Each structure stands twice: as C-alpha cells, then as structure tokens.
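Dear colleague,

I am passing on to you the structure we spoke of, with the sequence alongside. Please look through it first, and then read the notes that follow.

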Amino acid sequence: MKALLQLPIRWKITGLSFGIVAFSLIIIGIILLGYVSEIKEDERSQQAMITAQLVAKNQTVQDSIELANASEILQPLIERMRILNEQDYIVVLNMDRIRLTHPIPERLGTPFVGGDEGAAFTEHIYISKAKAEDGTETVRAFVPIINRDREQVGVVVVGNVLPYLSDIIYEFGRTALIITLITTLFGFWGAWLLASHIKKQTFEMEPGELARVLEERTATFNAIHDGVIAIDEHQRITVINEAAKSMLYVNGNVIGKQISKVIPDTRLPEILELGKPVYQREFYVQNRAILSNRIPITDDGRTIGAVAIFQDKTEVNRLAKELTGVQAFVDALRVQNHEYSNKLHTIAGLIQLNQGNKALEYIFELNEEHSALSKILMQQIHDDSIAGLLLGKVSRGKELGISLKINKSSSFVNYPEGITNHDLVVIIGNLIDNSYDALLETEFSNKTVYILVKELEDELFIQVSDNGVGIPKQYKERIFTRGFSTKKNEGRGIGLFLIQSIVERVNGTIDIDSEENEGTTISITLPLKREESVGDAL
C-alpha cells in the first residue's frame with residue numbers, strides 16, 4: 001500500500017482511470033452474462049414446450065401409448081423427433097409414470113423420478129427447472145397426452161440442458177475479447193493523456209510537492225517580518241502576508257479583491273502605470289508611515305502586476321527610541337536594509353526575467369535561513385522591543401562575522417514584576433555586546449553567541465553564552481564594578497554594573513561560568529512575582 005502511495009501522480013491517475021474502465025467492463029460483463037443466460041433459458045424453455053406439444057398431439061403417440069409394445073413403437077419415432085427438433089431429451093410417460101421413451105435405452109421401462117411431474121398427470125401444462133441426474137441444470141416442459149376420447153393417457157417431458165457460464169463466455173469470447181481490448185486501449189490512452197495534461201498544468205510537480213510549495217510559500221510570506229502585497233494587472237490582490245495585514249489593519253481574506261476597496265490610499269496601482277520600480281520611498285498608508293520598495297512584475301515587456309515590500313516606519317522609530325545604544329541599533333538597521341535591498345533586487349530581477357519559479361525558490365531559501373528566527377521573534381517573543389533588539393543584534397553579528405543563535409525554546413509574554421521593557425533591553429543588549437567584544441579578540445573561524453530567553457512558571461530565565469576569550473580569574477570579582485572594563489575605549493565599564501543593579505532591585509540572581517579561551521556563560525533569573533521584603537511591607 002505504501003508503494004502505491006509513492007507512485008507518481010501520472011501513474012496514479014492513469015491507474016485510477018483504467019481501474020474505473022476495467023471495473024465498468026466487469027460490471028457490464030456480469031450484467032450481460034446474466035441477461036444472455038436468461039435469454040438462453042427462455043429460448044430453451046420455449047423450444048421444449050413447442051416440441052412437447054407436438055409430441056403430445058402426435059396421433060401415433062396417442063394410439064400407441066397404451067399398447068404392450070409401446071416402447072418399440074414410440075422409441076424410434078420420438079428419437080427422430082428429438083434429433084429433428086434439437087432437444088436434449090424427450091421422455092414419454094404412461095399413466096403409471098413408466099418411461100416409454102428415453103435417449104438412454106437402459107432407462108426404458110423404469111419409473112420417472114423427477115419429482116416435479118405430478119401436476120402434469122392432472123392435465124396441467126408447465127415448465128419446470130431442475131437438476132438432472134448428472135448434476136446439470138435443465139428446463140423441462142410437461143404436456144399431458146390426451147387421446148381421442150378426451151382422456152389423459154400419458155405425459156410428454158421434453159428437457160434441455162442449460163449452458164454453463166463458461167459456455168456462454170466461450171460462445172461470445174472472441175467478440176468480448178475484441179471489445180475489451182479496444183475499450184482497454186482507448187481507456188488507457190485517454191487516462192494517460194488526462195494524467196499528462198494534469199501533470200503539465202502542475203509544472204510536472206507531484207501533489208506532495210505542490211502541497212509543500214504552497215505550505216512553504218504561505219509560511220514564507222507569513223514569516224517575513226516585512227509587509228508584502230502583490231496585485232495583478234487588474235489591480236486585484238494576489239498576495240498579502242500577515243505582517244502586511246497587521247500593519248495596514250486589514251482583516252479577513254482579501255485575495256482577489258480590488259486593492260482600492262481594501263486599502264484606498266495604497267498608491268500601489270501607480271506602479272502599473274509607471275512600469276518602473278520605486279525603492280526606499282516613504283508612504284503614509286492607512287494612517288501609518290511605511291518605508292516601501294515597489295516593483296513592477298513584467299512578462300515579455302508587459303507589466304502584469306506589482307509587488308510592494310514595506311516596513312512600518314513608526315515602529316522602527318519607536319524601537320530606535322527605546323533601545324539603548326542608538327548608534328548600534330542604527331548600524332544594525334543599516335545592515336538589515338542593505339540585505340533587504342539586495343534581496344529585493346534579486347527577487348525583482350528574477351521576476352523581470354520571467355523567472356517566477358526561481359524567485360520563489362530564492363524566497364524559500366531565505367525562509368529556510370530565517371524561519372527559525374522569524375518563528376521565535378514573531379510567535380514566541382511577544383514583545384516588540386525585545387524582538388527588535390534581537391533582530392538588530394543578529395544583523396549586527398552578521399556584519400561582525402559572528403553568529404547569534406536564539407534558542408528555539410525561547411518564549412516571552414509577561415514582564416517580571418518591577419521590570420520594564422527598557423530594563424530587559426539593557427540586560428539582553430549589554431550581555432550580547434559583551435559577548436561580541438569577547439569574540440572580536442579571537443581568531444576563531446566559528447564565532448558564536450547563544451541566547452535563551454525563557455519564561456518559566458515562577459521566573460524569567462535569561463542566558464547568554466559565547467565561545468570567546470573568557471573572563472580572566474583576576475577580573476571575575478571586579479566585572480560588576482562601575483567603570484571597570486578590560487577595554488581601553490572611553491565610556492566602557494557600565495553595562496554589567498547596570499545589569500547587576502536591575503537584577504538586585506527585583507531580588508534576582510546572576511550566575512557566571514567562564515573559562516579563559518573557552519568562553520563565558522552568564523545566567524540571570526528574574527522572579528515574576530517579587531517577594532515582599534521588610535522595607536516593602538513598611
């Protein structure tokens with residue numbers, strides 16, 4: 001069964017269509033066999049009845065049946081009539097139910113043992129169906145013999161053996177075989193053409209591949225943090241992801257609707273008329289400032305649609321104000337915008353070259369790289385400040401040649417009591433920056449920082465690890481001192497001091513595990529509910 005499920009769709013459709021044809025032929029064959037069998041039975045029954053009536057009306061039969069030598073007189077006569085009328089057997093019975101004629105001479109003078117002859121001896125005419133002594137099914141016509149004095153003197157039994165189904169099949173076998181072969185060939189040919197047409201319409205892809213492409217396409221567009229909207233040449237929406245719906249306050253399924261009715265001030269249809277891309281332009285749509293790239297979709301030099309990819313400029317500004325280290329965040333956004341433009345150029349180029357499939361493949365490749373990060377940031381980290389910080393640090397790390405890996409089990413919804421988003425930004429941002437600084441001093445080819453932000457039942461757990469130079473033993477006791485730093489740059493030595501101040505304020509804990517030239521792991525726990533101290537109670 002598993003092997004059948006793995007067959008290509010062409011063979012599945014062909015097999016299914018051919019199976020339907022074959023099943024139909026079998027059903028039709030069974031019905032025809034039953035119909036022919038009934039016709040044969042009626043035909044044999046009518047022939048038997050006609051012959052029986054002829055024998056019963058024969059004057060010689062009527063005059064000789066009561067004679068002592070009746071068998072000698074009737075046997076030759078009846079046999080000739082049987083052969084001429086092509087009957088399987090004709091039996092003449094006297095009123096004592098003794099066989100006076102029979103195709104088998106050994107049975108002459110023996111009693112008739114059919115069991116269904118009783119009514120015939122009371123002047124009834126009928127046809128009976130029974131099994132012969134050799135087990136074959138027969139139809140028998142019973143006709144009473146009436147003499148000139150209108151008295152019954154005997155019974156004529158004419159029987160015909162019914163043909164077996166195999167005999168009927170053999171009789172019509174050649175015709176049935178030709179019809180079956182022609183039907184099978186045309187059925188197979190038609191099924192193959194249908195399967196090939198469907199396969200061509202689906203770009204030679206199997207159903208599983210189509211389902212995966214659709215799922216990946218949907219997941220890709222919904223995982224992209226930027227908004228994406230595409231329209232066709234009739235200004236109907238063909239693509240819109242969840243980020244776009246959220247930014248522009250769009251609800252429900254709007255695919256196929258006129259974009260002007262869904263987003264009146266979009267201005268995306270202008271690209272259809274302009275026919276040229278517009279990059280990094282600010283728009284005010286649905287009472288929200290966005291930064292958008294808008295690209296026409298062309299086919300053989302004709303514009304057949306347009307796609308817009310945009311960011312919420314208001315949200316970017318808000319995050320920039322909330323994040324500590326504004327310059328670092330601006331640098332991270334610069335890296336992200338640089339990558340963003342390159343990706344858009346690539347997608348736009350592929351679409352303009354009429355390489356839609358390759359454009360999708362490129363998007364899918366990007367999704368595979370960022371899907372885990374997008375899932376965590378969009379679905380598991382329910383705070384824009386933290387998500388934006390992590391996104392910025394990931395981009396900053398890429399520019400520095402450092403990989404920032406966010407643990408897949410990370411999740412965050414509720415702030416610990418006494419902790420603001422600004423506090424968490426300070427803690428996470430400084431821990432990551434310290435790890436980056438430690439890695440910049442190494443020559444490792446695989447520079448990696450790991451971060452876990454996990455909301456547990458009673459506490460928020462934050463852990464940042466790196467494989468950098470580690471903390472020298474002589475510095476471990478001083479790293480939380482304000483102004484202390486192993487770096488020579490001005491303005492250093494404040495990050496860990498701020499972290500300790502925040503943690504102590506809510507009665508949290510800090511644990512440091514560091515080995516020189518092996519790396520550092522800093523774990524912080526922040527209780528969700530602060531225990532009241534004596535001072536708090538007062």
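**Notes on the structure**

Helix α14, which runs over residues 421–440, has 20 residues and reaches 28 Å from its first C-alpha to its last, close to the 28 Å expected at 1.5 Å a residue. Please bear in mind throughout that this is a predicted model. Of the 20 residues of α14, 15 are buried, so the helix is largely enclosed by the rest of the structure.

The loop between α14 and β11 (448–455) holds Thr-442, a residue that counts as buried because its relative accessibility is 7%. The side chain of Thr-442 reaches the backbone oxygen of Leu-439 at 2.7 Å, and, if residues up to four places away in sequence are not counted, Thr-442 touches Lys-447, Gly-468 and Val-469.

**Aromatic rings**

How many aromatic pairs does a search of the whole structure find? The search finds three. One of them is formed by Tyr-126 and Phe-142, which are stacked, with 4.9 Å centre to centre and 20 degrees between the planes. This pair links distant parts of the chain, since Tyr-126 belongs to strand β2 (residues 126–131) and Phe-142 to strand β3 (residues 137–146), 16 residues apart. Tyr-126 counts as buried at 18% relative accessibility, and Phe-142 counts as buried at 0%.

The rings of Phe-412 and Tyr-415 have their centres 5.1 Å apart and their planes at 90 degrees, so this pair is edge-to-face. Here Phe-412 counts as buried, at 1% relative accessibility, whereas Tyr-415, at 28%, counts as partly exposed.

**Salt bridges**

The count of salt bridges comes to eleven, and I describe some of them here. In one, the side chains of Glu-41 and Lys-129 meet, at 3.3 Å from N to O. That pair links distant parts of the chain, with Glu-41 in helix α2 (residues 9–57) and Lys-129 in strand β2, 88 residues apart. Glu-41 is partly exposed, with a relative accessible area of 23%, and Lys-129 is partly exposed as well, with a relative accessible area of 44%.

Asp-116 forms a salt bridge with Arg-140, in which the closest N and O atoms are 2.6 Å apart. This pair, too, links distant parts of the chain: Asp-116 lies in the loop between β1 (89–94) and β2, while Arg-140 lies in strand β3, and they are 24 residues apart. Are Asp-116 and Arg-140 buried or exposed? Both of them are buried.

A further salt bridge brings together the side chains of Arg-236 and Asp-232, at 3.2 Å from N to O. Arg-236 is partly exposed, with a relative accessible area of 34%, whereas Asp-232 has a relative accessible area of 15% and is therefore buried.

With best wishes

How values were computed
Residues are numbered from 1 along each chain as its sequence is written. This is a predicted model: local features need pLDDT of at least 70, side-chain atom pairs count only at pLDDT 80 or more; totals for chains, interfaces and linings use all residues. Side-chain values use heavy atoms; hydrogens and water are left out. Rings of Phe, Tyr and Trp (its six-membered ring) pair if their centres lie within 6.5 Å; planes under 30 degrees apart count as stacked, over 60 as edge-to-face and the rest as tilted. Helices (H or I, at least four residues) and strands (E, at least two) are DSSP runs, numbered from the N terminus. Buried means under 20% relative accessible area, exposed over 50%, partly exposed in between (1.4 Å probe, protein chains only). The expected span of a helix is 1.5 Å times one less than its number of residues. A polar contact is a pair of N or O atoms within 3.5 Å; within protein, one must be able to donate a hydrogen and the other to accept it, and residues adjacent in sequence count only if both atoms are side-chain atoms. Contact means heavy atoms within 4.5 Å. A salt bridge is a side-chain nitrogen of Lys or Arg within 4 Å of a carboxyl oxygen of Asp or Glu.
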